[in-house]
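The following note sets out numbered comments on the model under review. Each point may be checked against the coordinates.

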Amino acid sequence: MSDYYLRATTAAALYSALEAAGVVTKGEGGWHVTDGHRYALDVIGAVYKPTGEVIEEDGVAAPVMKAVPGFHANLRVINASNFDANMLNEIAINVPTNPARGWA
């Protein structure tokens with residue numbers, strides 16, 4: 001089993017790379033994982049991180065958040081037979097120090 005953290009410039013770019021890797025296909029209802037016994041896909045989309053600034057509204061303090069560039073997803077490859085991880089080189093990133101979401 002292998003986990004991949006993915007970031008593309010857009011949702012279309014993410015799905016295009018995942019399709020090229022054989023992870024997803026596009027059908028009438030949108031994008032679908034090709035084989036749920038081999039792959040688990042968690043599409044996150046936009047990720048926000050605190051800027052360090054704090055605003056106060058109605059007596060409640062809240063951190064100011066800023067979007068991290070890109071469209072994000074996590075991929076778990078359960079069965080790597082016939083899976084070429086090099087197909088994800090364009091969108092794979094290093095393991096984040098504080099991932100927005102992870103696998104349980």
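1. Leu41 has Leu75, in strand 5, as its bridge partner. This belongs to the pairing of strand 4 with strand 5, which is antiparallel and extends over 14 bridges. The model is a predicted one, and the comments below should be read accordingly.

2. The sheet to which these strands belong is open and has 4 strands, in the order 4-5-1-6, with antiparallel pairing. Strand 4 (39-57) and strand 6 (92-93) are the edge strands; each has a single partner strand, so one side of each lacks a neighbour in the sheet.

3. Strand 1 pairs with strand 5 in the antiparallel sense over 7 bridges, and Ser2 has Val77 of strand 5 as its bridge partner. The antiparallel pairing of strand 1 with strand 6 comprises 2 bridges; here Tyr5 lies opposite Ile93 in strand 6.

4. Which residues of the largest nonpolar core touch the most other members? The core has 18 residues, and those in question are Leu6, Leu14, Leu18, Val23, Leu75, Phe83 and Leu88. At least two residues of this core come from each of strand 1 (2-8), helix 1 (11-20) and strand 5. As a general matter, nonpolar side chains in soluble globular proteins tend to be buried together.

5. Apart from neighbours within four places in sequence, Leu18 is in contact with Leu6, Val23, Val24, Leu41, Leu75 and Leu88.

6. Not counting residues up to four places away in sequence, Arg76 touches Met1, Ser2, Asp3, Arg38, Tyr39, Ala40, Trp103 and Ala104.

7. The whole structure contains 3 aromatic pairs. In the pair formed by Tyr15 and Trp31, the ring centres are 5.1 Å apart and the planes are at 5°, so the pair is stacked. The pair links distant parts of the chain, with Tyr15 in helix 1 and Trp31 in strand 3 (residues 30-33), 16 residues apart. Tyr15 is buried, at a relative accessible area of 16%, whereas Trp31 is partly exposed, at 29%.

8. Ring pairs also join Tyr4, Tyr39 and Phe83 into a cluster.

9. Most residues other than glycine have a negative phi. Asp58, although not a glycine, has a positive phi of about 55°; it is found in the loop between strand 4 and strand 5 and counts as exposed, at 77% relative accessibility.

10. Is Asn82 buried or exposed? Asn82 is exposed, with a relative accessible area of 79%. Its place is in the loop between strand 5 and strand 6, and its phi is positive, at about 60°, although Asn82 is not a glycine.

Notes
Residues numbered from 1 in each chain as written. Predicted model: local features only at pLDDT ≥ 70, side-chain atom pairs only at ≥ 80, totals over all residues. Heavy atoms only, no water. Contact = heavy atoms within 4.5 Å. Core = buried A, V, L, I, M, F, W, Y, C linked by side-chain atoms within 4.5 Å. Buried < 20%, exposed > 50% of the residue type's maximum accessible area, 1.4 Å probe, protein only. Phe/Tyr/Trp six-rings, centres within 6.5 Å; stacked < 30°, edge-to-face > 60°. Pairing = 2+ DSSP bridges.
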